[in-house]
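Hi,

Here is the structure I promised to pass on.

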Amino acid sequence: MIKNYFKIAWRNIMRQKSYSGINIIGLAIGIAACLLILQYVAFEVSYENFHSNKDRIYRVQQDRFDNGKLSTQWAAGAYAVGNSFKDAIPEVEDYVKLVPRDAVIAEVNNQPVKISKVFYATNSFFSIFTYPLVAGDNKTALTEPFTAAISETTAQTLYGTTNALGKRLTLNRRRDYTITAVFKDAPANTQLRPDILLSYPSFIKIVGPDNNPETAWQWDGCLTYLLLRKGADPTVVEKKFVPVVEKFTAEEMKRFNAAVSYYLEPLTAIHLNSHFIGEPAPNGDGKTTYLLLGIAFFIAVIAWVNYINLATARAVNRAKEVGIRKTVGSQRKQLVIQFLSESALLNGFALILAVALVMIAIPGFNQLSGQQLSFSLFSKTSFWLGLFGLFLIGVFFSGLYPAFVLSAFKPIEVLKGKLIATTKGALLRKGLVVFQFAASLFLLIGTLAVYQQIQYMRKQSLGINIDQTLVVRPPGVLTDSTYVQNMSAFKEALNQQTGIKGVSISTSIPGQPVDWNAGGIKLVGTDESTQKQYRVIGMDHDYMKQYGIKLVAGRYFSKDFGTDDSAVIFNKKGFEQLGLNKPEDAIGKQIDFWGNRYTIVGIAEDFHQQSLREAIEPLIFRLIPGVRGYLSIKTPVSHAGETITLVKSNWDKFFPGNTFEYFFLDDHFDQQYKADQRFGQVFGLFTMLAILVACLGLFGLASFTTLQRTKEIGIRKVLGASVMRILKLLYQEFAILLVIAFAIAVPLAWLTISNWLQGYPFRITIQWFYFIVPFATILIIALLTVSFQSIKAAIANPVKSLRTE
């Protein structure tokens with residue numbers, strides 16, 4: 001019987017090739033697009049899922065307040081948090097401390113090798129997180145000072161083998177560590193992908209007995225992860241933080257009119273929801289991810305709606321078939337199964353085509369989205385389960401309603417030719433077309449808004465000149481006694497070259513967060529309750545002028561003033577925290593900065609240190625003789641190649657044993673917008689696919705609608721109707737549906753865009769043309785789509801039209 005169902009379904013498909021082709025292509029595009037997005041989303045939401053304790057691991061997030069106002073939010077907070085919470089709160093089973101450190105230089109065959117992802121870690125790292133060891137004991141690997149665990153890749157790079165236990169690891173030509181463990185490389189779906197883990201006791205030894213991190217509540221920069229006991233309620237644990245924090249910090253916080261709060265972040269939620277200071281790696285965007293999931297839903301539903309519309313529109317054509325089947329004894333249940341078989345067969349063909357499209361599209365999609373999908377996804381059970389799920393949903397969602405409509409025809413009425421299209425069925429089809437139009441409009445409005453926001457951010461003035469700037473990363477291998485001398489000689493050698501306009505050194509450069517956070521800063525003579533937090537950039541005399549940072553009051557740092565090593569410059573945002581009326585009032589005043597006094601010599605205009613995704617922060621610029629950091633070299637683009645060669649030769653001369661790493665600052669700064677650009681491209685691509693699928697359905701629906709009105713069009717022409725009047729009649733129905741869809745899509749799109757834009761401190765204002773342009777675009781596309789059949793019907797000979805029935 002089942003074989004018979006599918007045989008009949010195959011005959012019906014072959015009999016209506018154009019109808020079947022439209023359905024299969026539309027469904028295939030919809031399923032393929034849906035699969036690609038679902039794989040993207042599945043990867044984003046899979047972060048940290050490989051840890052066996054993932055449901056019990058939480059990161060401690062820290063908020064600091066000044067005068068009741070939130071000042072900083074930290075992923076890497078105070079050092080004393082982990083051990084203090086474990087000692088005081090029974091629900092805390094264990095904790096891990098991770099202290100990120102700068103990249104290090106190791107040596108392979110006397111050649112420097114830079115290793116970027118390096119952390120100090122407590123020994124509990126391997127018992128709480130799931131990083132299997134290739135060699136070593138996870139209970140003792142990081143218990144002793146100056147021991148280290150390294151990844152498989154790092155072991156292969158440094159020693160040519162993973163059998164590295166007991167080997168010596170020399171970092172920055174300064175300190176030796178003994179390898180006590182080798183762990184498997186971390187998967188791609190984690191924030192923590194360390195190359196080297198140095199034992200936390202090493203860190204305690206390095207900072208010395210006067211800076212015990214175990215009792216440091218005002219020293220930030222430590223990532224703390226808690227492992228809660230089974231059954232522990234994280235909200236209850238959070239409440240127990242309060243008395244612990246008050247016990248150790250209340251007196252100091254009261255004196256400075258400050259406060260601090262701690263919260264728990266589920267490990268698996270960090271990647272999509274956390275964007276705080278001290279994140280160990282760039283995170284994803286939850287809003288973006290779930291918005292793409294919504295697009296996948298829209299595309300799939302639009303494709304299924306096409307099937308419903310076309311199937312019900314063809315109901316009259318299949319009415320006699322149903323009537324005869326019922327007359328010869330077919331039950332309604334059998335007819336439902338028959339029509340569901342057709343739906344299954346069409347969805348099956350579409351599924352095969354969709355898989356082929358996914359295979360073709362993977363390389364391009366990876367390039368567009370920045371993802372790393374590969375053909376190995378076809379070997380994953382989750383992929384085939386998702387595919388099977390889409391197939392079942394498609395069969396029943398798209399096939400069930402048409403099956404019940406078609407199987408409900410009464411055989412006597414059908415065979416007597418009394419069947420007419422019902423108002424209910426027509427309203428449903430119109431409602432589904434409105435949904436398609438509304439979804440397409442929503443996506444197109446969103447695409448335009450995303451594009452406008454990205455362009456706005458990229459074209460806004462930064463308030464700083466980053467053009468023609470070659471940046472060299474700081475040397476990792478340093479000799480303290482000769483650094484200042486070598487760096488001065490290096491700068492002098494470069495400044496003498498005609499192709500170089502200037503050289504400056506700074507602890508931070510535009511395009512990245514300022515790592516130096518300083519709290520407790522206030523004007524001399526004011527109450528301790530006025531202390532504030534600032535970001536600090538250390539620099540030489542040339543930095544501000546070279547980057548074109550403008551002043552609103554005072555002067556730049558100058559070698560003409562021998563006291564400028566005790567001078568500072570604030571930006572306007574930082575000046576506002578001083579509580580003074582005018583920038584000029586700050587000039588000459590002194591501040592307390594960690595026990596030292598510095599004189600304010602200037603107030604600078606605000607500028608965008610990072611992309612326009614980030615708010616402008618209060619900054620202090622400090623002149624530091626012998627500052628260690630990035631080298632910014634101004635050079636014409638036309639001389640870039642020569643300049644790089646020249647800089648490298650001098651670098652090797654003055655800083656032997658260091659890797660030479662450089663980049664152009666404008667490219668580096670633009671990298672901050674990569675995620676937004678990729679999102680805009682992916683959003684735009686799938687919006688176009690959604691519109692294409694909708695148009696395929698619209699074309700098919702217009703074809704059947706026009707065919708059903710052939711006799712009416714012939715009569716109208718005989719009675720004198722012009723071609724334009726007939727076209728207007730045919731266009732009018734779809735235009736009205738589009739206007740209704742516009743009325744539905746606009747408020748939904750406006751709310752979604754407004755919510756999305758809240759994540760940007762500098763954002764566009766939603767304009768009227770964001771809605772009118774997509775409406776006009778969809779209207780033109782829709783009219784062009786229905787024009788082929790409409791014009792053909794309008795210019796047809798009415799005599800032939802009247803003979804069709």
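Phenylalanine 621 touches Ile537, Met539, Met544, Phe557, Ala567, Val568, Ile569, Phe570, Asn571, Ala604 and Phe607, leaving out residues up to four places away in sequence; a contact here means heavy atoms within 4.5 Å. Keep in mind that this is a predicted model, where local features need pLDDT of at least 70 and side-chain atom pairs count only at pLDDT 80 or more, while totals for chains, interfaces and linings use all residues. Residues are numbered from 1 along each chain as its sequence is written, and side-chain values use heavy atoms, with hydrogens and water left out.

Phe621 also turns up in the largest nonpolar core: of its 120 residues, Phe437, Met544, Phe557, Phe621 and Phe686 touch the most other members. Helix α14 (residues 423–459) gives this core its largest share, 16 residues. By nonpolar core I mean a set of buried Ala, Val, Leu, Ile, Met, Phe, Trp, Tyr and Cys residues joined through side-chain atoms within 4.5 Å. Buried is under 20% relative accessible area, exposed is over 50%, and partly exposed is in between (1.4 Å probe, protein chains only). In soluble globular proteins, nonpolar side chains tend to be buried together.

β9 pairs with strand β11 (residues 175–183) in the parallel sense over 5 bridges, and with strand β12 (residues 196–199) in the antiparallel sense over 3 bridges. Pairing takes at least two DSSP bridges between two strands. Alanine 148 has isoleucine 179 as its bridge partner in β11 and leucine 198 in β12.

Then there's tryptophan 304, in helix α9 (residues 286–313). Trp304 is buried, at a relative accessible area of 7%.

Of the 805 residues, 51% are buried. Among contacts with a separation of 6 or more, 80% are between residues 24 or more positions apart.

Cheers

Key: Helices (H or I, at least four residues) and strands (E, at least two) are DSSP runs, numbered from the N terminus.
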